[in-house]
Amino acid sequence: MGGCCGAASEVAPEETDFKDGPVKDRGCTDIFCVPIFIAAQVIFIIVTIAGMADGDPSKLYRPRDYRGAYCGVEQNWNEGPNTLNMEKQSYTMNVTATVDLIMQQMICSSAARKALVEGDGFNAPLITDEPAQHEYLCDCCLEPCDRCPGSLQVGGDLTDPASIGSVIGAKMSDLTNPSAGADLFKPGGANGDRFSATSFWQEATKYFNMVCLPDCNTHFGSVDNTSSATRSYTYIPANDSVLHDEWLLLLRGDDTNPLLSTIKTTIEQQFTFEALPESLCPYPAALCVPMPGIKFTDVGAGSNRCSFMLSEEVSSAIGGQAAAALEGLGGTSIADVASSSSTFGQWIGDFQECIDSFIVTAALSFVVGIVFMVLLRFFIGVCVWLAVFCTVLFFFLGGAMSFVRSGQCADAGFLESGQQNAVAIVVTAKVAAENSVSGNEVSEAMTGDGADYRGVQHYTRDGRLCAAWDEQAKVAWYNSANYPGKGLEMNYCRNPYDESDANKAATIWCITADQETVWGECLPVGVIQPEC
């Protein structure tokens with residue numbers, strides 16, 4: 001048979017015996033293969049030399065910041081930052097994501113609402129245009145409208161300017177004071193309901209910017225308050241925030257207005273952050289604000305990536321076990337992002353850095369495998385039944401997850417959808433049982449936005465009990481007298497509105513009996529997965 005280095009003639013039977021070595025008198029019939037092979041090797045060498053001369057092979061494994069710029073590189077693409085001496089991929093506070101909820105609590109409070117859209121008889125509201133007033137009320141979900149599934153969960157209402165000064169001032173002080181880390185994460189502190197909760201740490205990447213810093217220990221302790229290079233950053237909602245204009249109205253309002261003066265002072269004095277100097281953080285000041293109470297440590301020896309570590313003050317305040325749990329959750333969240341953005345080059349770099357650990361792990365894996373095979377001989381029965389049980393369990397859990405996933409809306413998280421499905425099932429069973437006892441048999445049918453719904457659902461999507469329409473005082477104008485013929489009976493969910501109303505809810509809803517939640521959307525009894 002023909003080939004690059006083999007004879008084209010047939011091989012004699014006796015020549016197929018290779019016990020004494022390869023066939024003798026071999027030769028090349030396709031000699032042109034040789035120069036092609038040599039040319040390919042020469043081209044490969046030329047390309048390699050050119051890449052080494054003009055490129056930076058270290059970029060194969062160097063970490064990157066939030067915009068894709070390499071750490072430890074003088075010139076980054078698209079006029080990126082000079083990170084020549086910034087070898088570590090670390091994290092700073094995402095001020096916008098961290099502060100937005102506090103901003104919403106202030107702007108959407110009863111005190112701010114009075115200054116913005118109501119006035120007090122002596123001082124006119126800052127927003128005098130009625131459509132703009134209803135736009136603000138909808139942006140804050142203060143009245144039912146098609147953009148809101150219910151009241152905002154922002155930590156409670158602030159009924160007067162003094163409350164804004166004390167509550168918002170305390171929350172922002174924890175964030176802007178470099179030494180307030182212990183108070184920030186303390187469960188009983190002003191921000192304890194948020195920053196000590198596992199949900200915050202499970203979404204850690206949302207509240208941190210991925211940046212390049214000189215070392216993992218670059219934090220508030222690195223800021224020299226006596227240095228002229230120290231920077232500050234004053235928070236303002238993003239231009240695309242629905243409450244950006246209301247923030248500016250409150251900030252630029254009349255100092256002599258008693259409805260406004262405390263709110264304005266709070267905005268001016270409580271939303272300024274201390275930032276790392278440019279010599280330590282080569283980004284705008286907004287991206288160089290460390291999170292109080294948070295330090296970072298190397299992921300491993302020789303690694304150029306950092307992971308969470310709570311400061312000693314925080315660990316003492318909340319306890320060692322709680323601190324370790326929170327650090328683990330935050331580290332897992334960061335690791336998930338790092339793994340999703342890793343490249344082949346990063347894998348090679350990581351492998352080079354831990355080759356010794358790889359060899360030890362491979363040897364130990366072999367030993368563990370042998371031990372496992374020996375133990376399996378004696379526990380095969382237990383393993384089989386355990387496997388059968390796990391298979392059935394996984395099928396059940398997989399079916400439940402597939403069911404939740406099939407009805408998950410684009411803007412809803414998986415856990416949120418699962419919770420709503422579970423609540424809907426429990427509420428359906430509970431209401432069905434109550435109706436069976438009372439003898440109520442009514443239709444749960446509804447069309448469109450639910451204006452025609454006359455069913456007996458009296459729980460919100462998240463399981464909150466509804467309050468009777470004519471007995472509640474949270475949104476007093478929603479009652480049977482103001483909306484006759486809209487079915488506002490007892491505490492049943494409805495969607496009452498007149499065609500002239502500026503804001504209309506997207507589906508049925510009710511005023512809740514919960515002190516912290518004004519209203520929320522409902523589902524008809526029997527509907528487990530709503531339409532998106």
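Visitor: How much space lies in the second largest pocket?
Guide: About 620 Å³ of space lies there in this predicted model. A pocket is an open set of points on a 1 Å grid over the protein atoms alone, with protein on both sides within 12 Å along at least five of seven lines. A volume is the space filled by probe spheres set on the points, which are joined across faces, edges and corners.

Visitor: Which residues lie nearest the centre of that second largest pocket?
Guide: Cys108, Ser110, Leu142, Asp157 and Val518 do, out of 26 lining residues. Lining residues have an atom within 4 Å of a point.

Visitor: Which elements give two or more residues to that lining?
Guide: Helix H2 (95-107) and helix H3 (110-118) do. The largest share, three residues, comes from H3. Helices are DSSP runs of H or I with at least four residues, strands are runs of E with at least two, and both are numbered from the N terminus.

Visitor: And how does the lining of the second largest pocket split by class?
Guide: Ten residues are nonpolar, ten polar and six charged. Ala, Val, Leu, Ile, Met, Phe, Trp, Tyr, Cys and Pro count as nonpolar, Asp, Glu, Lys and Arg as charged, and the others, Gly among them, as polar.

Visitor: Quick check on the ground rules. What does the numbering start from, and what pLDDT do local features need?
Guide: Residues are numbered from 1 along each chain as its sequence is written, and side-chain values use heavy atoms, without hydrogens and water. Since you ask about the predicted model, local features need pLDDT of at least 70, side-chain atom pairs count only at pLDDT 80 or more, and totals for chains, interfaces and linings use all residues.

Visitor: Back to H2. Is glutamine 105 buried or exposed?
Guide: Glutamine 105, found in helix H2, is buried, with a relative accessible area of 2%. Buried means under 20% relative accessible area, exposed over 50%, and partly exposed in between, with a 1.4 Å probe and protein chains only.

Visitor: What does glutamine 105 touch?
Guide: Not counting residues up to four places away in sequence, glutamine 105 touches Val154, Gly155, Gly156, Leu158, Val167, Ile168 and Lys171. Contact means heavy atoms within 4.5 Å.

Visitor: New topic. How many cavities of 30 Å³ or more does the structure hold?
Guide: Two. A cavity is a set of grid points where a 1.4 Å probe fits but cannot get out.

Visitor: What lines the largest cavity?
Guide: Val423, Ala424, Val427, Thr428, Gln457, Tyr459, Thr460, Arg461, Leu523, Pro524 and Val527 line it. Seven of them are nonpolar, three polar and one charged.

Visitor: And the second largest cavity, which residues lie nearest its centre?
Guide: Tyr91, Pro290, Met291, Ile294 and Phe296, out of ten lining residues. Strands E1 (88-93), E2 (208-213) and E5 (294-298) each supply at least two residues of that lining. By class, there are seven nonpolar, three polar and no charged residues.

Visitor: Now the helices. At what angle do H9 and H10 pack?
Guide: Helix H9 (residues 244-251) and helix H10 (residues 261-270) pack at about 105°, with their axes 8 Å apart. Axes are lines fitted to C-alpha atoms, for helices over the stretch in contact, and angles run from 0 to 180 degrees between N-to-C directions. H9 and H10 are therefore roughly perpendicular to each other. Angles of 65 to 115 degrees count as roughly perpendicular.

Visitor: Which residues make that contact?
Guide: H9 brings Trp247, Leu250 and Leu251, and H10 brings Ile263, Lys264, Ile267 and Glu268. Five of these are nonpolar, none polar and two charged.

Visitor: What about tyrosine 233, where is it found?
Guide: Tyrosine 233 is in strand E3 (residues 231-234). Its relative accessibility is 18%, so tyrosine 233 counts as buried. Tyrosine 233 and threonine 272 are 39 residues apart in sequence, yet 5.6 Å apart in space, C-alpha to C-alpha.

Visitor: Last one. What is the phi of cysteine 141?
Guide: Phi is near 55°, a positive value in a residue other than glycine. Cysteine 141 is in the loop between helix H4 (130-139) and helix H5 (161-176), and counts as buried at 7% relative accessibility.

Terms used: Parallel < 35°, antiparallel > 145°, perpendicular 65-115°, else oblique.
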